[in-house]
Amino acid sequence: MRETHLSIDDLIMPLFVRPGKGIKQPIPSMPENYQMSIDKLTEEVKILEGLGIPGIILFGIPDKKDEMGSDAYSDEGIIQEAIIAIKKEAKNILVITDVCMCEYTSHGHCGFVRRDDNTGHFDVDNDMTLELLAKETVSHAKAGADIVAPSDMMDGRVGVIRDALDEEGFNHIPIMAYSAKYASGFYGPFREAAESTPGFGDRSSYQMDSHNATEALREVTLDIEEGADIVMVKPALAYLDIIRRIKDSFDYPIAAYNVSGEFSVVKAAAEKGWIDEKRVALEILTSIKRAGADMILTYWAKDAAQWLKNK
Ligand code: PBG
């Protein structure tokens, strides 16, 4: 009589890739997660494929960052090369790419930063960023990405990305839009993992305010109108109500991102012996599914797949 079933099919594993060879460098704030060079990454993806995990999402840490985030849209960029390598070795796992600039820009913001001549303030230039995001997306698709996931939160990005993909003959590539992405303290460990902490200011001019719920529904409406195929809520745990409201209002697949901070707090408490990690992790993932998520991006994907197999 159980109403909710968590399954391996629901899980997507985020992975971090960096240039080099033979590198599997632990991320201190995210136990059991690593920055991996492409050779190690490919080995890991084969293991995940063997466990039956349907998809991974890739984050790149380039050697060189610059103001324009040029590695993000270079055909020889770290993500592009990683996709090509994975596609040769693992054919039964979907490769999703995070489309954003923050890991590639020297200032760590999600787009092109311009100084306002009148006020002297720095801000992200929305429209200039859209062009770069379109280039980044097309280069991911050319390398073989199966799904693209814009996470930058610039206005109009889904439409621009959809047009760019269609023009280049990638009509079949779905867009998983980070539609309701809140400015959140829960991203802390990820920013260490991806080395993407903004050098100045924060992301509150382009990420959502945690006090707002109906705004999330508006963001979802816009993204669907612009051509999103899957809509995402991020973070997941502090926003379960948002997942449920979207589920009740839209007939669209929903992805929920169980983000780094949600993972790390449990890991830290478990290391101290204060809670039972497996029990708490499965309870959290089940709550996200029960709230209405059709797929969950989670750093527990690999562990949960093993736990669910041996149940
Ligand atoms: C942006 C991006 C972020 C995360 C996923 N994509 C960082 C941010 O918005 O600062 C965070 C994921 C996590 O915390 O696990 N490229």
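Colleague: Which polar side-chain atom lies 3.0 Å from a nitrogen atom of the ligand?

Modeller: One of Asp-98 does. A polar contact is a pair of N or O atoms within 3.5 Å; within protein, one must be able to donate a hydrogen and the other to accept it, and residues adjacent in sequence count only if both atoms are side-chain atoms. Lys-181 has a polar side-chain atom 2.9 Å from a ligand oxygen, and Lys-234 has one 3.4 Å from a ligand nitrogen. The protein covers 100% of the 400 Å² of accessible area that the ligand has on its own, with areas taken by the Shrake-Rupley method with a 1.4 Å probe, and for residues only the protein chains shown count as cover.

Colleague: What should I know about the model itself?

Modeller: It is a predicted model, where local features need pLDDT of at least 70, side-chain atom pairs count only at pLDDT 80 or more, and totals for chains, interfaces and linings use all residues. Residues are numbered from 1 along each chain as its sequence is written, and side-chain values use heavy atoms, with hydrogens and water left out.

Colleague: How many disulfides does the structure hold?

Modeller: A disulfide is a covalent bond between the sulfur atoms of two cysteines. The test here is a pair of cysteine sulfur atoms within 2.5 Å. The structure holds 0. For Cys-100 the closest cysteine sulfur is that of Cys-110, at 3.6 Å, which is too far for a bond. Cys-102 is in no disulfide either, as its nearest cysteine sulfur, in Cys-100, is 3.9 Å away.

Colleague: Is Cys-100 buried or exposed?

Modeller: Buried means under 20% relative accessible area, exposed over 50%, and partly exposed in between (1.4 Å probe, protein chains only). Cys-100 is buried because its relative accessibility is 1%. Cys-102, at 5%, is buried as well.

Colleague: Where is Thr-298 found?

Modeller: Helices (H or I, at least four residues) and strands (E, at least two) are DSSP runs, numbered from the N terminus. Thr-298 is in strand β12, residues 295-298. Thr-298 has 0% relative accessibility, so it counts as buried. A polar atom of the Thr-298 side chain lies 3.0 Å from the backbone nitrogen of Trp-300.

Colleague: Which residues does Thr-298 touch, not counting those up to four places away in sequence?

Modeller: Contact means heavy atoms within 4.5 Å. Among those that Thr-298 touches are Leu-11, Met-13, Asn-258 and Leu-285.
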